[in-house]
Amino acid sequence: MNDRKLAHVERIAIRWGDMDAMGHVNNTVYFRYMEQARIGWFDTLVPQEEAWKGTGIVIANASCNFKRPINYPGTVEVRVSVGPPGGSSVPTYYELLVENDLYADGAATVVFIDMQRQKPVRIPERIRSLLS
């Protein structure tokens with residue numbers, strides 16, 4: 001865990017429609033919260049004129065450990081941490097908190113891609129320096 005670096009924090013309002021018939025936020029929405037935080041993080045890494053045109057990201061895998069059910073109303077704080085980057089990928093880690101209590105954690109391997117070719121590319125040095 002000590003090789004992880006906090007990279008981004010995203011605050012997301014819990015919507016009424018995020019809940020399911022069980023009366024709590026549906027488990028698939030936890031992945032949406034992580035996705036929104038990941039996109040917010042990516043948008044801070046890549047200049048706007050390049051993001052999603054020249055350089056993009058996809059995920060190779062994703063996981064979530066559900067600790068407690070999230071309920072409406074409230075705000076989820078998603079903390080995104082990154083591990084050491086590889087050639088074209090970087091491990092990302094997520095903590096979902098409500099009022100400073102941990103409700104879930106997860107991980108995803110993010111792969112940098114050339115948007116035109118839809119193929120993995122080496123993480124650009126400018127971005128790599130921000131990850132280290």
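Strands E3 and E4 form a hairpin with six residues between them. The model is predicted: local features require pLDDT of at least 70, side-chain atom pairs count only at pLDDT 80 or more, and totals for chains, interfaces and linings use all residues. Residues are numbered from 1 along each chain as its sequence is written, and side-chain values use heavy atoms, without hydrogens and water.

E3 covers residues 75-82 and E4 residues 89-98. The two strands run antiparallel and are joined by six bridges. Strands count as paired if DSSP finds at least two bridges between them. Within this pairing, valine 82 stands opposite threonine 92 of E4. E4 also pairs with E5 (residues 101-114), again antiparallel, through 10 bridges. Here leucine 97 has leucine 102 of E5 as its bridge partner. E4 and E5 form a hairpin with two residues between them. Glutamate 99, in that turn, has a positive phi of about 50 degrees.

The protein has two helices and six strands. Their order from the N terminus is β-α-β-β-β-β-β-α. Both element types are DSSP runs, numbered from the N terminus: helices are H or I with at least four residues, strands are E with at least two.

The radius of gyration, taken over C-alpha atoms, is compared with a globule rule of 2.2 Å times the number of residues to the power 0.38. For 132 residues, a compact globule would have a value near 14 Å; the protein has 15 Å, which agrees. The C-alpha trace spans about 45 × 35 × 25 Å along its principal axes. Contact means heavy atoms within 4.5 Å. Among contacts with a separation of 6 or more, 66% involve residues 24 or more positions apart.

Burial was assigned from relative accessible area with a 1.4 Å probe and protein chains only: buried is under 20%, exposed over 50%, and partly exposed in between. Of the 132 residues, 38% count as buried. The accessible surface, from the Shrake-Rupley method with a 1.4 Å probe, comes to about 7,400 Å². Carbon and sulfur atoms contribute 51% of this surface.

Isoleucine 70 lies in the loop between E2 (55-66) and E3. Its relative accessibility is 1%, so isoleucine 70 counts as buried. Not counting residues up to four places away in sequence, isoleucine 70 touches Ile14, His24, Val25, Tyr30, Tyr33, Val76, Val98 and Tyr103. Arginine 122 is 52 residues from isoleucine 70 along the chain, and their C-alpha atoms are separated by 37 Å.
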